Structures are given as structure tokens and as C-alpha cells.
Protein chains: 2
Amino acid sequence: MMCFSNTYSQSDDSIIQKIYREQLTKSPVYENLRFLSKEIGNRVNGSHQLETAIEYTRQLMIKYQFDTVYLQPIKIPNWIREPNETVRVINSPSVKRDLNCIALGNSIGTGEEGLIGEVIEINGLDDLTKTDKDLITGKIVFLNQHFEKGNINILESYAKVLWQRANGASQASAKGAIAVIIRSLTPVNNNSPVTGGINYQEGIKKIPAVAISTNDADLLSAQIKQTPETKIYIEIHCKTLKDVTSYNVIGEIKGSQFPDEIILTGGHIDTWDIGEGAHDDGAGCLQAIEVLRLFRALNIEPKHTLRAVMWVNEENGVSGGAAYAEESILKNTKHIAAIESDLGGFLPLGFYYDTNNEAAINRLMSWKKLFEPYQLLQFDKGLPVFDILPLKNEKNLLLGLMTNMQKYSGLYHSENDVFETVDKRELELGAAAMASIVFLIDKYGIE
Amino acid sequence: MMCFSNTYSQSDDSIIQKIYREQLTKSPVYENLRFLSKEIGNRVNGSHQLETAIEYTRQLMIKYQFDTVYLQPIKIPNWIREPNETVRVINSPSVKRDLNCIALGNSIGTGEEGLIGEVIEINGLDDLTKTDKDLITGKIVFLNQHFEKGNINILESYAKVLWQRANGASQASAKGAIAVIIRSLTPVNNNSPVTGGINYQEGIKKIPAVAISTNDADLLSAQIKQTPETKIYIEIHCKTLKDVTSYNVIGEIKGSQFPDEIILTGGHIDTWDIGEGAHDDGAGCLQAIEVLRLFRALNIEPKHTLRAVMWVNEENGVSGGAAYAEESILKNTKHIAAIESDLGGFLPLGFYYDTNNEAAINRLMSWKKLFEPYQLLQFDKGLPVFDILPLKNEKNLLLGLMTNMQKYSGLYHSENDVFETVDKRELELGAAAMASIVFLIDKYGIE
């Protein structure tokens with residue numbers, strides 16, 4: 001059993017209590033998220049709403065009297081979807097309605113006339129690899145690997161099926177497929193198709209890719225069992241326009257002792273073009289701003305500079321995070337730590353970390369005790385955190401807020417990610433957790 | 001730092017994994033709760049629905065092939081509410097509508113003509129104690145102590161305001177009040193009044209007691225500040241009819257080695273007469289049954305007898321639990337452990353325990369490691385667990401399933417406690433947690 005010496009004092013306890021009290025009694029974070037979700041809505045690249053959301057968060061930072069608020073311009077891809085997406089089983093006696101579908105982000109369209117093809121069901125990457133090219137060429141590939149329901153670890157299960165959405169189109173195309181239909185990446189049985197980005201592989205012909213709801217994936221699978229030569233009609237109208245200029249929104253409170261050393265909090269401001277992006281990642285953005293507002297409200301003067309960043313274009317290539325890191329490297333900006341909230345505004349359970357610095361891990365573990373009364377018990381090495389990952393160096397500490405993800409996978413990238421599914425106290429507890437760890441990092445450093 | 005030797009083997013790990021897998025992929029618990037909540041509904045003492053729910057859970061246990069299923073008859077109080085409950089501010093220029101109200105469980109009625117009185121606001125028990133009898137006599141007392149929002153520990157905050165609902169009427173009556181209005185016991189600002197039981201103190205005149213929503217408590221408080229001599233009209237029509245016979249529902253799987261030693265799982269089948277009792281405590285009942293179904297489904301033969309109990313009348317006096325314990329003592333039935341789920345069907349976070357047996361605590365702690373992958377990290381000494389508390393003796397282990405209670409206090413005993421607020425996976429995880437700990441207790445005992 002490892003033991004860590006404790007790096008904290010009694011007074012830290014009382015500051016953290018104040019942070020929680022302020023957050024649970026006076027926080028504007030829930031109302032801010034309501035505004036972002038209900039008054040602005042989803043915020044896909046190129047949309048008016050994205051620009052409105054950028055301006056809204058910029059204004060919030062000004063209102064909360066951050067020392068500096070500015071925008072970092074960046075070119076982002078401009079993929080758009082047009083209405084009338086259709087996935088239809090042709091001539092089926094049992095499937096009489098169109099399937100609930102949504103084109104995957106970045107997909108090419110089918111053209112106005114749509115496309116028709118025989119469908120072949122593929123269950124898993126092995127199955128795709130083993131299936132003869134002859135059997136796939138000219139067909140629509142239906143990638144029906146299920147999200148593993150039986151595993152409590154949502155991220156683990158997600159990682160297993162992610163290839164279908166991210167790489168399924170190129171992998172099927174390499175074997176001659178004319179389009180792919182994927183089972184929505186969620187363990188929940190429902191009628192809501194889930195979108196998300198495709199990475200088309202260079203040198204492989206792009207083919208249209210569309211997700212259908214889990215219930216309809218079951219329906220289609222049953223149809224294929226009954227009639228192996230089932231034909232499908234697909235019509236999606238998406239296209240990629242010219243890149244547009246958008247912005248990362250950045251606000252900071254200057255550090256009193258180490259103004260050139262940054263502790264960053266962040267979330268991504270963009271979403272797909274469905275739902276309201278309340279959990280993904282409206283919650284994270286407003287929690288990140290809230291951390292700095294808490295320092296102001298409680299008159300805690302940070303020693304390091306605290307910086308809140310709303311990254312643009314996480315969903316379609318994580319280029320906001322990349323551009324931010326690139327500029328940081330160019331300007332030689334030192335980030336001692338960065339914490340991201342991108343797992344939804346659910347009950348926070350702890351933090352996951354990614355660092356090469358053993359001392360930082362020990363320091364983090366030494367604070368665990370302080371978080372016990374706040375039910376933050378998970379301190380685990382975690383997955384890379386996308387927007388902040390490019391900031392990683394030999395010394396700094398990358399953190400993510402770990403949340404109760406059981407519901408997340410039934411909401412994200414779908415019509416279900418709306419404000420009504422956010423609980424006020426849970427959202428506030430997330431912001432309080434982030435502010436508390438930032439407070440400790442600022443006070444004690446990470447080594 | 002305490003250390004515990006680990007009492008488990010590798011194979012336990014794999015059984016627990018099977019329990020979770022079965023639960024997350026094939027469990028009927030969510031559909032069962034849908035039926036109980038939507039097809040039957042709330043289940044107040046004396047109602048047809050309560051009897052239907054008792055029969056429904058009895059039939060479930062038979063369907064799942066428990067070895068024995070039976071009913072324990074018990075007389076329960078029969079308090080009923082009739083429509084047209086009113087709390088009205090008289091002649092107020094600012095409060096033009098009636099307040100959202102609900103009579104507290106067990107309250108006497110006001111009579112057909114209602115009652116009118118000047119209102120006095122009291123903020124906390126100290127305030128009530130200090131206020132002169134003269135100032136209270138003949139008045140309606142408005143108990144407006146707030147549920148402490150700033151504390152993450154919901155049960156702690158609940159314990160601080162509970163007196164208003166449970167004892168406020170008698171305490172105010174002792175000082176000559178003619179009725180009490182209480183601020184609903186929830187930290188959430190909303191329009192849903194929250195009911196719950198009164199304990200009228202013997203020898204003190206019973207007076208009517210009604211809860212108003214938190215938003216309306218704020219409204220009323222502002223009105224009183226503006227017009228200290230504010231008058232209120234109250235009309236509630238409740239009465240207590242003759243006791244009726246109802247039943248605890250009991251089902252068991254016989255133990256192969258210690259058939260006379262019981263490991264109990266339970267929840268209470270009754271509710272108040274509002275909402276659907278989905279979280280309180282439909283979830284707990286169906287999870288308790290689910291534990292035994294899991295043993296059957298996975299062909300795990302328990303050494304001790306597993307018994308699922310649906311207690312009746314928890315809400316209005318906990319007499320179902322008391323009668324069950326009484327009969328157990330009479331028959332000298334040995335309960336080595338009992339686990340109750342009555343904190344809602346939310347994400348389970350761990351277990352709280354109550355025992356005089358140090359060895360049992362050590363044993364419990366030695367299993368913590370097994371539960372880490374399932375995010376059950378809270379193993380704390382906890383509050384008495386009402387229905388099983390009378391079973392406590394020098395040796396046995398009483399447990400409760402600890403859940404994420406952040407939302408619970410905005411739902412329970414109100415119109416908001418409906419099936420739609422239950423998450424399928426979270427409900428299932430609760431049942432899996434209970435089944436896993438029961439499996440370990442059965443296999444290793446508690447000392």
C-alpha cells in the first residue's frame with residue numbers, strides 16, 4: 001500500500017468548504033447553462049449560434065471581471081447538413097417506416113438522387129477484416145457491433161466501438177463498400193440516432209456514412225436475418241464548405257507571484273448540430289468559467305495566472321485545442337496544470353490525470369483526503385484529454401473531471417443532450433470540485 | 001492508517017462480474033419498476049393501489065421461483081386526504097394566487113369551513129423556543145427554516161430541518177398555534193410541495209399542518225416582511241379512518257447450509273399519495289427482489305437463506321418494519337445481515353453500515369477492493385436504516401445502499417418522484433451492488 005505525505009493545512013479545508021458553499025448557494029452556472037442551451041442552442045462549426053456562444057462566453061468573462069479576455073482566431077472546417085436524411089429498407093414486409101438516422105459528422109452526401117444497395121451486416125472489426133472483399137464490393141456495409149452494456153466502465157466500452165464511427169467508412173470503402181450505416185454508439189436502447197465525427201483516411205475513397213438508432217439497428221439486423229439480400233435506400237445531404245474563421249475564447253485572472261505560469265480550466269464551445277450540447281460540452285465551458293468567478297467572488301488571489309479557455313472545433317478535429325497549444329509553444333507559455341471538463345455536467349466522482357511527473361501524482365494523491373467529504377473518491381490515471389493533450393510536457397499535470405457517465409452515453413451527440421437533463425446541484429458540484437483542485441495546485445504547486 | 005486483511009478470492013471477482021453483466025444486460029428491474037410506477041402508481045395506506053402493489057410483488061417472487069413466498073398481515077393506520085387543499089394569503093396586493101400546498105401526512109383537517117389566522121414566521125427551532133407564547137397563541141405558525149443548500153451531504157441537511165415536518169405541529173401547538181405551514185424540506189427551489197409524516201405528540205392538541213413549495217415559502221416570507229399582520233386562509237380535508245389490515249410481502253430462497261440464518265434485502269412498498277413512489281421506494285423494493293432473482297439466474301446456491309421483504313407502512317410510522325422484527329424475535333429467527341435500499345434508485349456510491357460487531361466491519365472493509373472497479377467507494381458508518389433498525393442485535397450487520405442523493409431531495413414525497421426520473425443503468429447498478437455484497441456475506445459470513 002502506498003502512502004503519501006499530506007500537503008495541506010487546516011485552512012485549506014475551510015477554503016474548500018467556502019468554495020462549495022458559494023457554489024451550492026449562489027452560483028450562476030446553472031442559469032448560464034440554461035441560457036447557452038435554450039437561448040442559443042447547438043453550436044456547430046460555421047453556425048450563427050457558435051459565434052453567438054463565443055460572444056456570450058466572452059461577455060460572461062468580462063462581466064465577472066477577469067483581468068484579460070480575448071479571442072484566438074482559428075480556421076475551422078465548415079461541414080453542414082441539409083434536411084431530409086433517409087435510411088429506408090426497400091420492399092420489406094416487416095419494416096414499413098424509414099429508420100431513425102443521422103449522417104455522421106464530416107460525411108459526404110449521397111447526391112440528390114440518393115443511393116441504393118444491398119446491405120451486409122458486419123459485427124466487429126474482426127468480422128470486417130475476415131469478410132471477403134467480393135462480399136462487400138458494391139454494397140452498403142451495416143456496422144452493427146454493439147456497445148457493451150455489461151461493462152460499468154462507459155469509456156472502456158466506448159473505446160471498443162469507436163472505430164465504427166471514426167474509421168468504419170474508410171475501412172469499408174477500402175473493401176469496395178458504397179456507403180456505411182452504423183449502429184449508434186450507445187448502450188441505451190432508444191430511437192435517437194447518435195452522430196459524431198468521421199476521420200476519412202487519406203487515399204481511400206470517401207463514402208457516405210450514417211448512424212441509425214439502436215432500436216432500428218436491431219430492426220435492421222432482424223430484417224437482414226430474414227431476408228439476406230435486403231436492399232437499402234440512403235439519402236443524406238451534407239457538404240463541406242470553405243473553412244471559416246472562428247475563435248477560442250480565453251479569459252484570465254493574473255497571478256500575483258507567478259503571472260507567467262498558467263493553470264488552465266477549459267471546455268469546448270462547439271457541438272454537433274443536434275440537441276443543445278448541454279452536457280457536451282456546455283456544462284464544461286461554464287464550469288471552467290465558474291472556477292475563475294469563484295476566485296473573484298471569494299477574494300482568493302491566485303499566485304499563478306488562472307486561465308479559462310473555451311475551445312472551438314473539438315468535435316470535428318480538435319483543432320481549437322491544437323491551435324491553442326501551438327500558440328502556447330510558440331510564445332513559450334508555461335502551463336503548470338490544465339483541467340478539462342468534457343464528460344458531462346453529471347455528479348463529479350473525482351479526477352483522472354495524465355502526467356509524466358511522479359511528484360505531481362504524489363502531490364495529487366496527498367490531497368485525496370481533502371476531497372473525501374465531497375465524495376470525490378476517484379483519482380485514477382485516465383485517458384488522454386483531447387483539448388489539453390497537446391499541452392502535455394515532461395512536467396505539467398493534465399486533469400479531467402471524472403463524472404457519473406452512466407447517462408452520458410445515452411445523451412451525447414443526439415437530440416437528448418438538452419438542458420432538462422442537467423441537475424443543478426450536480427453541475428455546481430463539478431465546478432466546485434474543479435475550483436478546489438485549482439486552488440490547491442495554485443497554493444502548493446505540483447512538485 | 002488501518003489495514004484489513006482481504007477476505008476474498010479471485011473467483012469472487014468473476015462472480016461479481018457475472019452479477020453486473022447479468023444485471024446490465026438482462027435485468028427486468030427497470031421494466032418492473034415501470035409497471036409499479038406507471039401501471040399501479042402511488043401506494044398510500046388503505047389504497048387499492050397498495051394492495052395491488054403487494055400482490056404484484058408477491059407474484060413477481062413467485063414468477064422468479066423463490067422457494068417460499070408469503071404475506072405477513074399487519075394493521076396499519078389509514079389516513080386519507082380529500083381534494084381541494086388551499087393555502088391563501090388574504091388581501092395581499094402582491095400574492096394573487098393560492099400557494100402550492102399539500103397537507104402533511106397524518107394531519108388533521110381544518111373542517112369544511114377552513115381556518116383563518118394571522119401568520120407568524122419562525123426560522124428554526126431556537127427561534128420557536130425563544131418566541132413568546134403570547135406572540136404565537138391563536139396564530140398560524142410558518143416554519144421557514146431553509147434546507148441547507150450549501151452542504152453536499154443531503155442527509156445531514158435533512159436531519160436539521162426534519163423537526164419542522166415531524167414535530168413542528170406539536171411544538172407550535174404547545175405554544176398555542178392554531179395551524180402550521182412548513183417550508184417544504186428540499187434544497188431545490190421549485191413549485192412542488194413536499195409531504196411527509198407528522199408525529200403528533202401525545203397530550204398536545206393536534207393542529208392542521210401543511211407544506212408549501214419552497215418558491216411559495218419565499219413568496220410568503222416576502223409578503224410577511226412587507227405586511228407583518230398578514231392573514232392566511234387554510235383548508236385541508238384529511239382524516240384518519242379505522243386501521244386496515246395490510247401485509248409485508250416476504251419471499252425467500254432457502255440456504256443450503258444454514259437455512260435458519262437469514263440474509264435479508266428489503267425496501268418499503270408503501271408511499272405517500274402523490275407522485276409514483278418510483279425512487280421512494282419502488283426502486284428499493286424491486287432491487288431487493290432482483291438480488292434473489294440474480295442468485296437464481298446465475299445458479300448461485302446460497303448457504304444462508306436469502307429473504308426479500310417489502311415492508312408496508314414505512315411512511316406513516318415504520319410499523320411494517322417493526323412488526324417484521326417483532327415476529328422475528330418471537331420466532332427467534334436469526335438475521336446475520338440485512339440490507340435496505342431506501343435512498344432512491346440513483347447511482348450507487350457504496351454502503352453505509354450500522355453494527356456493534358467490529359469483526360463485521362473489518363470483514364466489510366476487507367471487501368472494499370472488490371468493489372473499486374464498480375465505483376462503490378463509500379463504506380461509512382451510517383444513519384439508522386428505519387425498516388431494518390429493529391432487527392439490530394449485538395452481532396448482525398445492518399447495511400444500506402448509499403446512492404447519489406443530490407436529486408433525491410427534490411423528488412421524494414412530491415409529484416416529481418416519477419418513473420421518468422429513474423435511469424435504467426443506475427437502477428440496475430444498485431441491484432448489482434446489493435447482490436454482490438449479499439454474495440460475499442453469504443460466502444464468508446461476517447466474522
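Author: Happy to! Let us begin with a term: the radius of gyration is taken over C-alpha atoms, and the rule for a globule is 2.2 Å times the number of residues to the power 0.38. For 447 residues a compact globule would have a radius of gyration near 22 Å, and chain A, with 23 Å, agrees with that. Please keep in mind that this is a predicted model, in which local features need pLDDT of at least 70 and side-chain atom pairs count only at pLDDT 80 or more, while totals for chains, interfaces and linings use all residues. Residues are numbered from 1 along each chain as its sequence is written, and chains are lettered from A and ligands numbered from 1 in the order in which they are written.

Along the principal axes, the C-alpha atoms of chain A fill a box of roughly 70 × 50 × 40 Å. Chain A has 13 helices and 13 strands; these are DSSP runs (helices: H or I, at least four residues; strands: E, at least two), numbered from the N terminus. An automatic or database domain assignment gives the domain bounds: domain 1 of chain A covers 10–67 + 254–444, and domain 2 covers 79–241. The centres of these two domains, taken over C-alpha atoms, are separated by 33 Å.

Now to the meeting place. Two residues are in contact if their C-beta atoms, placed from the backbone, lie within 7 Å. Chain A gives 20 residues to the contact, and chain B gives 20 residues. On the side of chain A that touches chain B, the elements with two or more residues are α1 (10–26) and α13 (424–444). The largest share, 4 residues, comes from α1(A). By class, this side of chain A has 8 nonpolar, 6 polar and 6 charged residues. Here Ala, Val, Leu, Ile, Met, Phe, Trp, Tyr, Cys and Pro count as nonpolar, Asp, Glu, Lys and Arg as charged, and the others, Gly among them, as polar.

How are the two copies arranged? The same surface serves both copies, as 100% of the contact residues of chain A recur in chain B.
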